[in-house]
Structures are given as structure tokens and as C-alpha cells.
Amino acid sequence: MLRNHFLASCALPLALVATAPAMAQDLTQRDVAPPPPPAADAPPAEDQVKFSAGQLEYDLNEDVVTATGDVRMYRTGDRLRADKVVWNRKTGKVVATGDIAVTNPDGDVAYGDSIELTDSLKDGVIDNMLVVLSEGGRLAAEKGTRDQDGTMRLVRAAYTPCSVTGLNGCPKNPSWKITAVSVTYRPDRERIYYGGGSFHLFGLPGIPLPRFSNPIGQGADSGLLTPIIRYNQVNGVEVATPYYFRLAPNRGLTVTPHIYSSVLPMLQVDYSALNDKGAFRVTGYATESRRSDDLLTQTPTDTRRAFRGYLDGIGRYQFSPEWSLSGSLRLTTDRTFLRRYDISRDDRLRTTASLEHIDADSYFAVNGWYVQTMRVNDPQGQQPIAIPEIDYRRIVRNSVLGGQFLFQANSVALTRPDGQDTQRAFASVRWDLRKLTRWGQEVTFTGLARGDVYHTADSLLSPLVYRGEDGVHTRGIAVAAMDVKWPLAGSFLGGSQRLTPHIQIVAAPRLENFAVPNEDSRAVDLDTSNLFDLNRFPGYDRFEDSSRVTYGAEWAVTLPGITLDAVIGQSYRLSERPTILYDGTGLSDRWSDFVGRTELRIRDFVSIIHRYRLDKDGFAVRRNEIDATIGSRGTYILAGYLRLNRNILPTIEDLQDREEGRLAGRVAIGNFWSLFGSTVVDLTSRREDPLSTSDGFSPIRHRLGVQYEDDCLRLGLTWRRDYRVVGDARAGNAVLFTLALKTLGR
């Protein structure tokens, strides 16, 4: 009954397959198992044919052997299975009929209604042929021949790498296929060659193709890749057709001409290489177009034609388990090229190099970097160049009183074409001792000592709040701290809960912070990630020189399918002397603001994270950030909200008060189709930021699209609208058409 029900459920798909054009042939799975390999204890000799059958007849006069009933034949890796085999020993001809499957040493399986082979089983003619390739994909033909070297020549054939079976197990038409008058499969080259071919998508009428070929399997070969088609209001219609050159098994070059309807073409070149030590990739873009140097005007008129381009590279080499070399290259000719041609929206580009040694107890690195700003108001001459930064750290475990020492030495040299130059070096030692009391408290004692040497030049070219004093300056830092946690655990609503009070005492003397420049500690904001740090500044150039008490608590609840984790805390400065922390950071007064984080997860369906900072006087919300994910892998909503109300001066930080909303989502329609969209809206008003151009609801970017994706095809159409104008990167609509054949043209 179950078998009849299954056949009935598949009747319509089978009928659709049966009515497909004869030229496409039957790509669906044949109802016969491939012949298994011979028993390991009795493989056939190279010049022998081993076979088995349910019944065997031998005609002595004609020297003909007829085998019936699940016939299996083996010879040096080639295997055959059929209902009936007639072997003429005089001519060497082998004719198989019935449910037939032939497997070669590479694992390719050929099916057919009738197969005529030589007794070597290596060559012959197959009617109604289906070949299932071991590397993926299948070929079907009205007739096919196989040569001694494994080459297959097919007549009126079709190829597809897609699944031919639906999720319900019934036959289905593949998402795409190629039909051709003649097809040649060369296993030695792992390539298929077509003559008189057509491309069919979703069973629609075919698109004629010139004589061409494609690789199979995981290997790469020279050829065209999937084209890119898009439109925007600045450049017009864009068509990009990549061509891949296989230079070696481990090296490749991709050349992509981008043709536009409104501007001159652009050339993109990608080169990548891989060896046993590592890999690298370099991409270059080059064109000529009009660009604007007036980035502050909404509609700049002073434009000029110029060469424009971009270099993007990344590489990493692992010379041993401990030593590695990595780097990145990102350089562009101007600040709007990447936005205009929809390559990147980063606000700064970093070119880096790093040599590292890492083992179980030590770390050593030599780093260098160069920063190119994409921001409108940032002078390039003020961007730092590090040549180099050197950092060394070593851990000594189970030392004094059972504690752990961390020794560190660090130096950096920063230079600017039009700004302050700084050289810094320091050496430090930190000691940590962690103990558990008999009542379950976790107590950690910490001591830190550090000595700094700075040299500063051209400090007057740096902003006042960040500059130091010219010349050589030294600084000593000493800190002692005690940190206590007391986890209290118990049952709660059928699950468990853990309440952990946390208190920390830090003692630090006053330091000469303003005698040295501030290069790496400029952006300060109190939150739960740095609340209990010895130094709430993010870098080394500023150190919080005040004694303080920090306290807070964490509450963690675990229920069936639900977890909740909440943290809140505050600090109090013991000394009355003025602090080096500015208004708006949450740390400028003796009592700090309250900071907290709450994270809720409900199975794999809901994830909500809320971060906040509340003013200690009146509980005004100074920071409110929510990130939520609701849904499954196929259908979900991503929502985000950020509001900064720090009232910090623009001379201290360039990130001013801001309010922003983000929304994105995807809705699965059936098994393969989905709708998706996203939006980013600037909610900042002039009341929050007098310098803001937003009116309280200013869209930044919208995106909406539809996509089809299965095992071998991704097809999509996306509309996007940008609302921001920066020079020649104008606001407007853009449309992107995506067609990616996952197993072809990679």
C-alpha cells in the first residue's frame, strides 16, 4: 500500500518528466543500484573478467555465454550490472540488456537500456544513456559511446549538476540544464565539451550557446564566470563578465570588464595564489571618470575627469606552528570612488602588516599600519602611520604565592605628514592571584607596575585635547586591586538561577597624564565590558589615576529553552581631585553612571540584547542600544535601535549624540523562494544634535529583494535606494540582478 501511494504521489512529476523534449533526455535517477566492488579477498586479475549470475548458459558451437539474473562482471576497476548479458567470446562483444549500470575506476556510473561493450568493459555503445558523475552532476543522451581511455561521446544529450529529486523523493526537473546536439566528456581533463548547445532555466525555452565547455568537480579551469548585471542612477546599466585564467593548480587570475551605459568602462583584476605556507589575494580596479573634490556641498559643480582606482589585498603565511606573517592592502585614489561604484562603504581604509610569534606562554608581534580616511571632514595629513609597533608578552605561572605574572614590553612610532609625531615605549609587570574561600567567594588580588617613556614632536599640529608636550617625558604607573565575586546558586521556576554580587577596589596614585600625547585612548564610554577593568581607557596613553570602588551584580536564569543574563553596576571614586575623564563619558563625577546589559534567548528563535547607561542624577538614558533577532534560519527579523545622549563636546569626540533605527528581515516562501529587505533610518533631531542635518526621520538606505536558492542555483533581484550624497557618490536607486550557477563558473 505504501509503495502504491508513493507511486501515485509521484505520478504527476513523472508525467511532466516524460513529456520533456526528447532532446533533453531523462536525467532522473534510474531504479537500479550500481554494481558493488568485488570482494577484497578475490579481486580479478588484470587480464581476467570475473562475473556472477543467477543462471548461466554456454553455447559450445557459437562460443557464446549467456548470463541472466542479476549479472555482475568485474575487470580491473570496471564493473557492470544487468539483467541479462550475452558474451560472444569469438568477437569479444558483450551485449547487456535490462536494468543496466556500469561503473568505471573513477566512480562514474553509466545507466542504459542496452549496452554493447568489448570484453574489456572499457569501451562500447549505450542506448538511452545516463551517466552519474562521481564529482557531481549527470549526463543523459539518446546514445553514447565510451572509448578505451574513458572518453564519452554523447548524441542529443543533456547535462545538469542539480538535484533531480524533490524533497518528497519524487522526480523533478532540474533548476537548470544544458542540452546539446553533441557532448564529449573527458575524464582526464575533468571537462565537458558541447556542440550546438542551449541553456535552460526552470524548463523555459533554451538560450542558444556558442561552442563551449565547462569543468566538473571541485577543480578550477579557465573560462567565463557568472555575469553581474545592475543599474544605478549615476553609472547607468552595468554589465560585468568575469573571465578566469587558471595559471596553475594553486594560482589564478580573474579579469572582469565592467561596462556602463553612462560612464567609461572599469577594469577589475583579481590575482590569488596558494602554497603550503599560506595564501594571498590582490584585487585592483581602474577607470577614468569625473570626480568632485568639493565633498561638503550637496550638489558640487567643480568636477574634473581623472584616473580613479582601488587596490585591495590580503594575505597570511604560517611558517611554523608559532610564526606567522599577515597583511592587508587597501588604497584608493579618492574618497568617493568606492561608494560611487558600490565596492565598499567603509569610512576608513587600513593597510597593515604583522609578524607574530605565539606559543603557550608568550606572544611577540611587529606591526605596522597606514590609515586612509574616507570621511568628509578628516584631513588625511592627520592620519597616523605606525612604523612599527612592537609588542612582547610572557606569562609566568604558579609564581609568588601561587599567582601568575604577566610581563609586557611595548613600543610604537607614529608619524603624520601634517601632524604630531610620537614615539612611545613602556615595560610593565602584572601579578594576579585568584583564590576561593571556604564560603565560595572568588577573590582576585592584582598588582601592576609600569614605566613609560615618550618623545613628542610637532604637538601644536594636534588637537588640543590630544596633544602632549614636545620633548622626552617619563611616567610611572602603580596600581593595586582586589576583586571579589560571590556566586549564589539555586533553583528557580523549574530551572536554576545564579546571583553573583561583584565588588572591586582599585588604588592608583595621581599621574602626569597630560604631559604625554593621547594617541590610542581617545574614545571613552562606560559600559559593562570595561566597568571592572583596571583602566577604563581603551589604550595605553591614558590611565585612570584614581582610587575607586566598583560594584555590581549579575543575575543568570536558566529555564527549559530559556536563558536570561542581566548585569548592572556603578563605580565611586574615593579621591576628590579632578578626574581626567570628560563630561559625557559617564565617569567624570565621583559617582559614575549606571551601566547594564540584559540578554534574553528563547531556544534558537529569539535573541534580544539590551545595553544601556543611566545618568546617576535623575536616571536619564545616556545610551540605549537594542539588538533583536526573532525567527528561524529561513524566516527572521533583525531589529536594532541606538540612541546616544552623552552631551559630549565635539572637540573631544567626533561621535556626537545620535539616534538610529535598523530593520531587516527575510521571509521564506516555499522551499526555495524568499523575500528580504532592510532599512536604516537616522532618527537624530536638531534638538539632540544642533549640527545634524536630519529632521528626526531621515532614511539612509533601503533595500528590498526576492531570491531563489537551491542546491545549484541562486537567482535574485534587489532594489536599493541611497539617500546620502557625498561628492559624485549621489543618492538614487540601484537595481541588482544576480544569477549564480553554484556548480558552474566558480
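This report walks through the disulfide, some strand pairing, a nonpolar patch and the salt bridges of a predicted model.

## Ground rules

Since the model is predicted, local features need pLDDT of at least 70 and side-chain atom pairs count only at pLDDT 80 or more, while totals for chains, interfaces and linings use all residues. Residues are numbered from 1 along each chain as its sequence is written, and side-chain values use heavy atoms, with hydrogens and water left out.

## The disulfide

Let's start with the cysteines. A disulfide here is a pair of cysteine sulfur atoms within 2.5 Å, and the count comes to one. The partners are C162 and C712, with sulfur atoms 1.9 Å apart. The link of C162 and C712 is right-handed, with 95° about the S-S bond. C162 sits in the loop between β9 (152–160) and β10 (176–186), and C712 in the loop between β40 (698–709) and β41 (713–722), so the bond ties together parts that are 550 residues apart in sequence. Those strand labels are DSSP runs numbered from the N terminus (strands are E, at least two residues; helices are H or I, at least four).

Buried or exposed for C162 and C712? Both C162 and C712 are buried. That word means under 20% relative accessible area; exposed is over 50%, and partly exposed is in between (1.4 Å probe, protein chains only).

## Strands around β31

Two strands pair if DSSP finds at least two bridges between them. Strand β31 (residues 495–507) pairs antiparallel with β29 (residues 471–485) over six bridges, and A481 stands opposite V506 in β31. With β32 (residues 548–559), β31 is again antiparallel, over eleven bridges; here P501 has A553 in β32 as its bridge partner.

Strand β30 (residues 488–492) is joined to β31 by five bridges, and the two run antiparallel. One of the facing pairs is G490 opposite Q497 in β31. β30 and β31 form a hairpin with two residues between them, and L493 in the turn has a positive phi of about 50°.

For context, UniProt lists residues 307–648 as "domain: LptD C-terminal" in an unreviewed entry. (Positions are given in the numbering used here, feature names are shortened, and annotations may be inferred rather than shown by experiment.) That span is 1% helix and 57% strand, and the end C-alpha atoms of residues 307–648 lie 41 Å apart.

## A nonpolar patch

I229, Y231, V237, V239, I259, L704, L717, W719, V735 and F737 make a nonpolar surface patch of about 800 Å². Patch members have over 30% relative accessible area and no salt bridge; nonpolar side chains (Val, Leu, Ile, Met, Phe, Trp, Tyr) are joined within 5 Å, like charges within 9 Å. Areas come from the Shrake-Rupley method with a 1.4 Å probe, and for residues only the protein chains shown count as cover.

β15 (228–232), β16 (236–240), β41 and β42 (732–741) each give two or more residues to the patch. L717 is in β41 and is partly exposed, with a relative accessible area of 43%.

## Salt bridges

The whole structure holds 51 salt bridges, each a side-chain nitrogen of Lys or Arg within 4 Å of a carboxyl oxygen of Asp or Glu. In one of them D342 meets R230 at 3.1 Å, N to O. D342 lies in the loop between α3 (337–340) and β23 (348–358) and R230 in strand β15, so parts 112 residues apart in sequence are tied together. D342 is partly exposed at 25% relative accessibility, while R230 is buried at 18%.

Another salt bridge joins R611 and E625 at 3.9 Å, N to O. R611 is in strand β35 (residues 606–614) and E625 in strand β36 (residues 621–631), so this pair links parts 14 residues apart in sequence.
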